[in-house]
2 protein chains.
Amino acid sequence: MTDRSTAAAIPSGRRTRLTPERERELFEAVVDLVREHGYEALTMDAVAARTRSSKATLYRQWESKPKLVATALRHLARFSPSCIDTGSLAEDLRQITREAAKHAVEDNALLSGLAHAVTKDPELQQALHDLYIRPELETLDAIMRRAVERGELDADNPATEFVVHLLVGALGTRRLVENKDPDAEYLERYLRAIVFPALGVS
Amino acid sequence: MTDRSTAAAIPSGRRTRLTPERERELFEAVVDLVREHGYEALTMDAVAARTRSSKATLYRQWESKPKLVATALRHLARFSPSCIDTGSLAEDLRQITREAAKHAVEDNALLSGLAHAVTKDPELQQALHDLYIRPELETLDAIMRRAVERGELDADNPATEFVVHLLVGALGTRRLVENKDPDAEYLERYLRAIVFPALGVS
């Protein structure tokens, strides 16, 4: 899937290769359009206009709107939280939450723009899962494994499987419940009131 | 706003009044279409076709797509959980969660279909909040007030403000995290691992 960007300079038959820079610019524009208008209202005409491309080029390179959007999601540069390791479970959870909160507004715009489409298209669903959920799951697994090793967390604490649901929920539900974006102060209250008691840490 | 249904039989000037039955049928069709296609992809043509109405009638009665959808949401018949009172906080929370779980698939379809639109349209946001969040908040407030009176719950437990976020999150995040719908067994595990420890009940 990423051959195209590394081999960008090499022309091949009928395909006009884009430079990696041009491709990244195009993917960012696609994701911005999903944030602004939602997936269903996104048209290839709008992508062509925003990126000053021809629709023929878009269809030749990516075949269809769902494939273009899924590819754009897969190329989106994301914060990798895998380096979080403060020596304390509470502090690790604060860091991963704080990092997620920095992007909450734009992430919620993208998630809401794709919310309905992913129920209809398994490839989009997988791309969104790989973008948001897989890295969080891997990081949380590592954070909690180290906390068990340090004796901070019971290995069989039943709350561990739900920590990712809790963090995704904290970021996603505040708009619906309170019509507010999640901020650092809200997340700290949420961690102390819900996540830390469930995990048995303070 | 509900004058229209009670006064449905009385013709008034240029407005063709619909019977309450016909109006309910039409609102249910609108909500079904939002579930199926998402708000952005919903057209007045599709509503007219599904309900065998003319577009002229739809626009005369409801002016615009956002007004029609907001009105349909406000007329949607909902389970009112206000009668839940088992004498135990844990059991009350089990009941409200179980009731919500019964409608989780169709509710998630509607929420995902409106997720992007409500970020752009305050009237739709308010209608969705009044449909899903306000009744849950009122019921949870009553449940927790009684638990405090019985001495089951500390009046100043900081988790109480987040119980609605936790229930909405439990129902809404499982699809994104695990690609599964929430079911009774998952919700029981979630209540026992997260909600009960945070509230200090078992």
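A polar contact is a pair of N or O atoms within 3.5 Å; within protein, one atom must be able to donate a hydrogen and the other to accept it. By that rule, 16 residue pairs, both at pLDDT 80 or more, are in polar contact between chain A and chain B. The model is predicted. Chain A and chain B bury about 3,300 Å² between them.

**Interface: extent and make-up**

- The size of an interface is often given as the accessible area lost when the parts come together.
- Here the figure is about 3,300 Å², and 69% of it lies on carbon and sulfur atoms.
- Chain A puts 42 residues into the contact, and chain B puts in 42 residues.

**Interface: polar and charged links**

- The count of residue pairs in polar contact across chain A and chain B is 16.
- Six helices of chain A each supply at least two residues of the side that touches chain B: H2 (20–37), H7 (104–114), H8 (117–120), H9 (122–149), H10 (163–178) and H11 (184–199).
- H10(A) gives the most to that side, with 11 residues.
- By residue class, the side of chain A that touches chain B holds 21 nonpolar, 12 polar and nine charged residues.
- Two salt bridges cross the interface of chain A and chain B.
- One of the salt bridges joins the side chains of Arg189(A) and Glu161(B), at 2.3 Å from N to O.

**A buried residue: Leu114(A)**

- Leu114(A) sits in helix H7 of chain A.
- Its relative accessible area is 0%, so Leu114(A) is classed as buried, the cut-off being under 20%.
- Leaving aside residues up to four places away in sequence, Leu114(A) touches Val34(A), Tyr39(A), Val69(A), Leu73(A) and Leu128(A).
- Leu114(A) and Gln125(A) lie 11 residues apart in sequence. Their C-alpha atoms are 8.6 Å apart in space.

Terms used
Residues are numbered from 1 along each chain as its sequence is written. Chains are lettered from A and ligands numbered from 1 in the order in which they are written. This is a predicted model: local features need pLDDT of at least 70, side-chain atom pairs count only at pLDDT 80 or more; totals for chains, interfaces and linings use all residues. Side-chain values use heavy atoms; hydrogens and water are left out. Contact means heavy atoms within 4.5 Å. Buried area is the accessible area (1.4 Å probe) that two parts lose on being put together, summed over both. A salt bridge is a side-chain nitrogen of Lys or Arg within 4 Å of a carboxyl oxygen of Asp or Glu. A polar contact is a pair of N or O atoms within 3.5 Å; within protein, one must be able to donate a hydrogen and the other to accept it, and residues adjacent in sequence count only if both atoms are side-chain atoms. Helices (H or I, at least four residues) and strands (E, at least two) are DSSP runs, numbered from the N terminus. Ala, Val, Leu, Ile, Met, Phe, Trp, Tyr, Cys and Pro count as nonpolar, Asp, Glu, Lys and Arg as charged, and the others, Gly among them, as polar. Buried means under 20% relative accessible area, exposed over 50%, partly exposed in between (1.4 Å probe, protein chains only).
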